[in-house]
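Here's a quick briefing on charge pairs and nonpolar packing. Have a look at the model first, then read on.

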Amino acid sequence: MLMQSAPPLGDLENADEFIARHIGIEPEDEKKMLGVIGSASRRELIEGIVPPSIRRAQAMDLPAPVTESAALAELKAIAKKNQVLKSWIGQGYYGTHTPGVILRNILENPAWYTAYTPYQAEISQGRMEALVNFQTMVCDLTGMPIANASMLDEATSAAEAMTLAKRSVKSKSNVFIVAGDCHAQTIEVIQTRAKPLGIEVKLANSAPEWEKLMNGDYFAVLAQYPTTSGRIDDLREEVKRAHAKQAAFIVAADLLALTLLTPPGEFDADIVLGTTQRFGMPLCNGGPHAAYLACRDEFKRSLPGRLVGVSVDVHGKPAYRLALQTREQHIRREKATSNICTAQVLPAVIASMYAVYHGPAGLKRIAQRVAAYTAILATGLKRMGFTLTSEHVFDTVTVKAGDKAASLMARALDAGVNLRLAWGEYVSMSFDETTTRNDIEQLWSIFAIDGQALPDVNDFAKGIEPMIPAELRRTSAFLTHPVFNTHHSETGMLRYIRSLSDKDLALDRSMIPLGSCTMKLNATSEMIPVTWPEFANIHPFAPADQRAGYAQLDEQLRAWLCQATGYAGISLQPNAGSQGEYAGLLAIKAWHESRGDAHRNICLIPSSAHGTNPASAQMVGMQVVVTACDAQGNVDLADLQAKCEQHSAALAAVMITYPSTHGVFETQVKELCALVHQHGGRVYVDGANMNALVGVAAPGEFGGDVSHLNLHKTFCIPHGGGGPGVGPVCVVEDLVPFLPGHEAGGVPSNGVGAVSAAPLGNAAVLPISWMYCRMMGPEGLTQATETAILSANYISARLKDHYPTLYASANGHVAHECILDLRPLKDTSGVTAEDVAKRLIDYGFHAPTLSFPVAGTLMVEPTESETLFELDRFIDAMIGIREEIRKVEGGDWPREDNPLKNAPHTAASLMGDDWSKPYSREAAAYPVASLSGAKYWVPVGRVDNVYGDRNLFCSCVPVSDYA
Ligand SMILES: *Cc1c(COP(=O)(O)O)cnc(C)c1O
């Protein structure tokens with residue numbers, strides 16, 4: 001007989017649901033918070049905030065949530081539909097062994113993957129050291145003087161190199177020469193980028209074509225080194241020819257090959273780029289991988305992407321910070337040269353650590369082994385009667401197989417091996433770090449199609465000359481800095497990695513309340529599938545049936561995101577929000593062109609927009625017209641209407657962010673969309689703030705035509721210290737035909753080409769968002785949105801007597817973030833928003849977004865994942881800081897010498913024998929009691945940005961500087 005009190009089975013079964021793990025606010029907390037805000041219920045609060053005109057008509061049609069274990073099992077079944085074969089396909093993607101110490105302690109370690117972009121220099125010294133190692137590694141291997149801290153992929157890096165060359169060289173030509181044996185996906189992305197900018201791409205598909213083009217007029221040339229078919233060309237004279245035309249010579253180079261080959265910097269190349277994938281990042285079906293971009297010194301001030309530089313802190317000690325302006329140096333709104341924001345920091349850190357761990361000798365040994373195995377394979381194939389297309393190769397052998405090609409490919413597949421077929425009659429194979437003697441023998445047996453006798457690898461045991469021409473062998477040293485020559489034992493490496501992450505604040509230590517960036521929980525169950533071999537070890541150009549699991553993941557996730565956004569079609573190819581913006585504007589442009597409206601090129605963008613918006617518009621050749629915002633922070637509809645009328649015939653698009661970057665739900669967004677449509681334009685809704693909308697309102701329903709999402713904000717992909725991200729582009733029905741294609745990857749396109757190197761972009765992080773949706777279900781996702789809004793309003797309400805919220809809706813509420821106005825404090829105390837941001841470090845917090853979108857403010861976004869305990873801890877810290885400011889205002893502390901101006905305080909500065917500050921050491925380090933149990937000690941004092949920009953230095957610091 002059942003006891004009266006036995007709970008229903010359903011309650012027991014749902015008790016381990018994920019929703020309550022993801023959302024930090026408990027039901028009792030919610031009541032307290034609503035009390036502070038003055039709302040009777042969450043429903044009442046939300047109904048008072050989200051304008052009725054835009055609320056969803058229907059709930060999202062998503063599967064009901066399942067537990068963590070059930071979701072993992074379901075995803076595993078999908079993953080198993082991928083087939084992990086040996087892939088010797090090459091084409092920019094190679095097998096690699098991720099050292100276990102790096103896999104577990106970086107790729108799978110929240111101290112690294114939950115960190116934010118290092119805008120707050122003092123709490124990011126560890127990851128910036130890793131990025132400086134990355135920059136040094138790239139400079140050393142390429143022979144170039146300066147390199148940035150990562151690009152999105154090799155193909156987009158090549159496209160950025162093209163535009164970097166265009167704005168840097170003297171030649172006025174519009175022609176860009178591309179060697180035909182660059183990777184196919186690189187050529188495709190370049191063509192996509194070149195078209196709207198009016199750059200004419202000329203492909204040189206043969207030696208005579210190359211000769212003819214090189215004698216013509218052009219502003220830059222791109223060649224691959226070694227080429228996609230494996231050949232090593234001597235480019236030395238070609239660089240001189242380009243320079244004689246005042247044009248730039250760009251080289252896409254393989255970093256592992258450069259340990260053995262003369263680096264492009266030594267034959268005067270202007271820009272060098274490529275991928276770092278084979279330095280420890282698995283194939284991942286094409287991404288995420290860090291690409292690199294290096295250039296000559298004269299080009300450095302227009303180099304896109306982030307650059308970490310060395311400066312000094314207030315104590316005169318070396319300290320890292322992002323160089324050339326604290327925010328994206330290149331995103332100068334309408335004058336932008338590139339729109340890259342989120343890049344590939346985590347993969348870049350991994351590549352740099354791979355170099356640290358192996359060191360120059362280890363890397364060279366890997367490269368020599370690859371080259372030796374390649375030479376053995378080639379020699380054997382020749383003995384068996386096959387003809388190679390080149391005798392000068394590093395890791396790739398291409399055989400002219402003629403009519404045997406198809407059966408060779410089939411025999412290889414039968415043996416569980418992927419080879420590469422080119423032009424129907426050439427078969428290529430690329431070796432890598434994972435290749436073994438058995439693999440060589442297996443390939444010979446596959447090629448013994450006519451029963452040839454097999455060579456014996458043992459015949460070469462004494463060594464074999466690599467097939468690298470003598471005049472192109474590298475003689476210069478590389479990676480000579482001690483960091484690459486110290487941490488070669490696993491114990492040493494483990495401690496080096498740990499010492500760096502200990503310097504940093506990530507989500508594993510405290511909340512990161514960054515407005516616009518949505519730093520929410522990245523649940524471990526969401527992360528686990530990323531390194532499953534069925535997802536990690538898939539080559540992006542493997543036959544489609546081997547990627548069936550990825551295809552299903554892609555299809556389901558797109559369907560769910562369509563539900564969440566109200567759009568009809570989505571592409572997951574863009575690998576950052578900025579790339580989604582770019583792809584979305586390309587779709588709008590292509591749609592106008594398809595209707596004979598190619599002249600429509602005006603893009604209206606409100607002044608409050610994120611910098612990537614105007615940057616993206618200008619990349620697709622649109623002309624940006626800025627529209628005003630009113631005193632409440634809303635888009636000024638009257639000004640927008642006037643500009644729509646003025647530009648009616650040429651209006652292409654309007655880009656808005658919703659809810660706005662000012663943190664409010666504008667009530668007239670439907671009218672705004674209708675107005676733009678009346679004038680023949682399309683509405684781009686920047687979806688970075690979707691965390692305020694999912695389940696509540698859908699941009700595709702209230703008038704948006706295109707949006708991008710940031711899966712690394714709303715959909716739980718961790719920030720990785722500044723990437724990887726995914727920026728899906730979502731469109732309404734009539735724009736679906738204009739989503740990006742990818743011919744090299746078998747995705748057809750309707751005139752809009754590829755926007756990323758890989759057909760599914762950063763494919764291997766998509767399981768994270770899939771897991772999130774699957775475990776939350778429609779109610780969980782909606783509850784997350786509502787709780788994010790609740791938490792932001794709670795912070796705004798509790799801080800209102802200390803820091804007023806700058807913009808609110810008519811009833812005083814905010815959306816999912818609030819802008820705290822600190823500007824008046826400057827007059828009363830001399831304290832700036834930056835001082836408060838730095839003082840928060842002493843309290844153990846990462847600062848909110850500083851001076852965006854309004855200078856002198858802090859934008860706070862708590863997200864739904866934080867507990868009430870943590871929200872209160874943050875609020876108490878902010879109030880504690882306000883009390884300190886009051887002491888300055890009251891004259892207790894001098895304006896220029898107080899805990900705020902001197903923040904953050906390092907342990908060393910507090911331990912010194914001479915303490916002459918007007919406040920105690922305890923007040924400096926332990927302003928609130930809760931810190932006594934767990935104190936984060938900042939490794940450097942406040943960093944001097946100006947010094948660093950005047951003395952730009954972007955490689956590893958000589959050890960003597962630390963003395
Ligand atoms: C983050 C953000 C972007 C850019 O996205 P990335 O993924 O960093 O390229 C664009 N718009 C807004 C409003 C953002 O917050």
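Contact here means heavy atoms within 4.5 Å. This is a predicted model, so to speak of local features we need pLDDT of at least 70, while side-chain atom pairs count only at pLDDT 80 or more and totals for chains, interfaces and linings use all residues. Residues are numbered from 1 along each chain as its sequence is written, and side-chain values use heavy atoms, with hydrogens and water left out.

**Nonpolar cores**

- A nonpolar core is a set of buried Ala, Val, Leu, Ile, Met, Phe, Trp, Tyr and Cys residues joined through side-chain atoms within 4.5 Å; buried means under 20% relative accessible area, exposed over 50%, and partly exposed in between (1.4 Å probe, protein chains only).
- The largest nonpolar core has 316 residues, and Met137, Met353 and Phe447 touch the most other members.
- Helix α13 (residues 345-383) is the top contributor to this core, giving 22 residues; helices (H or I, at least four residues) and strands (E, at least two) are DSSP runs, numbered from the N terminus.
- Skipping neighbours within four places in sequence, Met353 is in contact with Ile102, Ile106, Trp112, Ala130, Met493, Tyr496, Ile497 and Leu500.
- Another core, of 11 residues, lies apart from that one, and its members include Ile89, Ala159, Phe541 and Ala757.

**Salt bridges across the chain**

- Side chains of opposite charge can pair when their charged atoms come close.
- A salt bridge is a side-chain nitrogen of Lys or Arg within 4 Å of a carboxyl oxygen of Asp or Glu, and by this rule the count comes to 46.
- Arg774 pairs with Glu74 in one of these salt bridges, with the closest N and O atoms 3.0 Å apart.
- Arg774 sits in helix α25 (residues 766-798) and Glu74 in helix α5 (residues 68-79), so this pair ties together parts that are 700 residues apart in sequence.
- Arg774 is buried at 9% relative accessible area, and Glu74 is partly exposed at 28%.
- Asp734 and Arg682 form a salt bridge too, with their closest N and O atoms 2.9 Å apart.
- That pair links distant parts of the chain, 52 residues apart: Asp734 is in the loop between β21 (729-731) and α25, and Arg682 is in strand β19 (residues 682-686).
- Asp734 is partly exposed at 35% relative accessibility, whereas Arg682 is buried at 7%.

- Asp821 and Arg823 meet through their side chains in a salt bridge (2.9 Å, N to O).
- Asp821 is buried at 12% relative accessibility, while Arg823 is partly exposed at 39%.
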